[in-house]
Amino acid sequence: MLRLLRKHKTFVGFVATMMSGKGIAAIIALLTMPVIARLFSPEDFGVAAIFLSLCVMVSNVGALRYESALVLPKQESEARLLMSLAYRILAALCLSMLIGIAIYYWLGVSFALVESLGVWLWFWPLGVLLMTMIQIQEAWLDRQQQFRVVAASMVVGTGVTGGSRIGFGLLTGTSVFGLIVGHMLGQLSRLAVQKSASRAAFNAVFTRTGLSELRSIALKYADFPKLNAPAALLSAATQQLPIVFFGLLFAPAVVGYYSMATRLSHVPTVIVATSVRRVFLQKAAQINNRGRSLTFAFLMLTGGLAILGVIPLVVLWFFGEPLSAWLLGDRWAQAGRYLEIISPWLFILLVTAPANPVFVVLRKQKFWLNLQLATSITRLGTFGISYLLELSPEWTLAAFVAATVAGNLAIIVTALVLSMRHRASLPPAQV
């Protein structure tokens, strides 16, 4: 093990950098969360959660996933073209969203979930813009191995978000305004930190670029909008399904409880999972460009994450409710019950982290799309069955988690099979 760590010390160092930054951000979030929970009501948390969920779903395809390809080009000029293309697509999308919202109000139609947002529907394109810009900038910084900047931006963003929400809560009391605007201020602060390290590339976005060049680079990486983007949309949409369907089927407070449960649990999970995924994507691209196999690295990371996640799984499974009541106050005890139910989902989310880079680097994104489609249909089916059987929120969530775990296990197995097939195709000296 020590020899392996020394051999891959650069990779381990990058992961440690990301995890340390996210760890500090997590500590800030956990310290501010009890205060925020006591300042804002579950109902307001529910409305804000619906807004942010809609932003997350669209932002995952805000640039048609061209930002995911930024680590692949060998030439810097090609990567800059990709970045320029991503920003142009994002601008067109946000403008289209504004026009669509205007048409929605002009037609006078009404949907309960949309109406619950009220005036905040007009801020939906802005939320998508900020989230997608962060994804593009972070993808560029990943390519440049500027993981310290990415980590620092997370710390600053989390601090600003928590501080802003506490400030708004103390000044105005519980409100959707304080939760959403506080989040957006945190996003803006993250972008400010990231821009300082990627100024040259960001400025290149605004230079004149020929349509023929953009068309050429778009076609070269066309599998990302065709295959990766639908898969990312399905993945994000199905992960946000509980919030959307809870908003349709139950009271806003139920959405608030679930949102708080995911905030408590996803903080530590995302720290490790996203850190490993993003660093492994950059490392896997290097390995593949050298004509080497990904199988060993994939197995090591997946096994290590499984061992790492066992103890948190047991703690959350048995003690989620009392921990939630102690940390957030008695009125949030129901959030702890939801936390216990989603603990297997958190575990499998952690273990699945290295799988996506395998599909991306090996350009097997059709497999990824098919798996996401099958998992999404299964997850959606659980809500349909729960609605017909009039199940409680707890049983509805449990069915969703079971479908999610099964789908992620299929993703892990498929990634392993693909990496082994790629390994078999390599010359023996390169395996």
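This is a predicted model: local features need pLDDT of at least 70, side-chain atom pairs count only at pLDDT 80 or more; totals for chains, interfaces and linings use all residues.
Reader: Fine. How many residues does helix α8 have, and what does it reach from its first C-alpha to its last?

Author: Helices here are DSSP runs of H or I with at least four residues, numbered from the N terminus (strands are runs of E, at least two). The expected span is 1.5 Å times one less than the number of residues. Helix α8, residues 176-195, has 20 residues and reaches 29 Å, close to the 28 Å expected. Helix α6 also has 20 residues and reaches 29 Å, again close to the 28 Å expected.

Reader: And how many residues of α6 are buried?

Author: Buried means under 20% relative accessible area, exposed means over 50%, and partly exposed is in between, using a 1.4 Å probe and protein chains only. For α6 it's 16 of the 20 residues, so the rest of the structure largely encloses that helix. With α8, 14 of the 20 are buried, so that helix is largely enclosed too.

Reader: On to charges. How many salt bridges does the count come to?

Author: The general idea first: side chains of opposite charge can pair when their charged atoms come close. The rule asks for a side-chain nitrogen of Lys or Arg within 4 Å of a carboxyl oxygen of Asp or Glu. By that rule there are six salt bridges. One of them joins Arg143 and Glu76, at 3.6 Å from N to O. That pair links distant parts of the chain: Arg143 sits in helix α6 (residues 124-143) and Glu76 in helix α4 (residues 76-107), 67 residues apart. Arg143 is buried at 14% relative accessibility, whereas Glu76 is partly exposed at 31%.

Reader: Which residue forms a salt bridge with Glu78?

Author: Lys220 does, with the closest N and O atoms 3.0 Å apart. Lys220 is in helix α10 (residues 211-220) and Glu78 in helix α4, so this pair ties together parts 142 residues apart in sequence. Lys220 is partly exposed at 48%, and Glu78 is buried at 16%.

Reader: What about a pair inside one helix? Where do Arg337 and Glu340 lie?

Author: An α-helix has 3.6 residues a turn, so residues three or four places apart point the same way. Arg337 and Glu340 both lie in helix α15 (residues 333-351), three residues apart, about one turn of the helix. Their side chains meet in a salt bridge of 2.9 Å, N to O. Arg337 is partly exposed at 34%, while Glu340 is buried at 10%.

Reader: Now the rings. How many aromatic pairs does the structure hold?

Author: A pair of aromatic rings is described by the distance of the centres and the angle of the planes. Rings of Phe, Tyr and Trp (its six-membered ring) pair if their centres lie within 6.5 Å; planes under 30 degrees apart are stacked, over 60 edge-to-face, and the rest tilted. The structure holds twelve such pairs. In one, Phe168 and Phe177 have ring centres 5.2 Å apart and planes at 75°, so the pair is edge-to-face. Phe383 and Phe400 have centres 5.5 Å apart and planes at 50°, so that pair is tilted. Phe383 is in helix α17 (residues 365-389) and Phe400 in helix α18 (residues 393-425), so they tie together parts 17 residues apart in sequence. Phe383 is buried at 1%, and Phe400 is buried at 0%. There's also an aromatic cluster formed by Phe40, Phe45, Tyr257 and Trp332.

Reader: Last one: where is Leu64 found?

Author: In the loop between α3 (42-59) and α4. Leu64 has a positive phi of about 55° although it isn't a glycine. Arg363, in the loop between α16 (355-361) and α17, also has a positive phi, near 55°. Just after α6, Gln145 takes a positive phi of about 60°.

Terms used: Residues are numbered from 1 along each chain as its sequence is written. Side-chain values use heavy atoms; hydrogens and water are left out.
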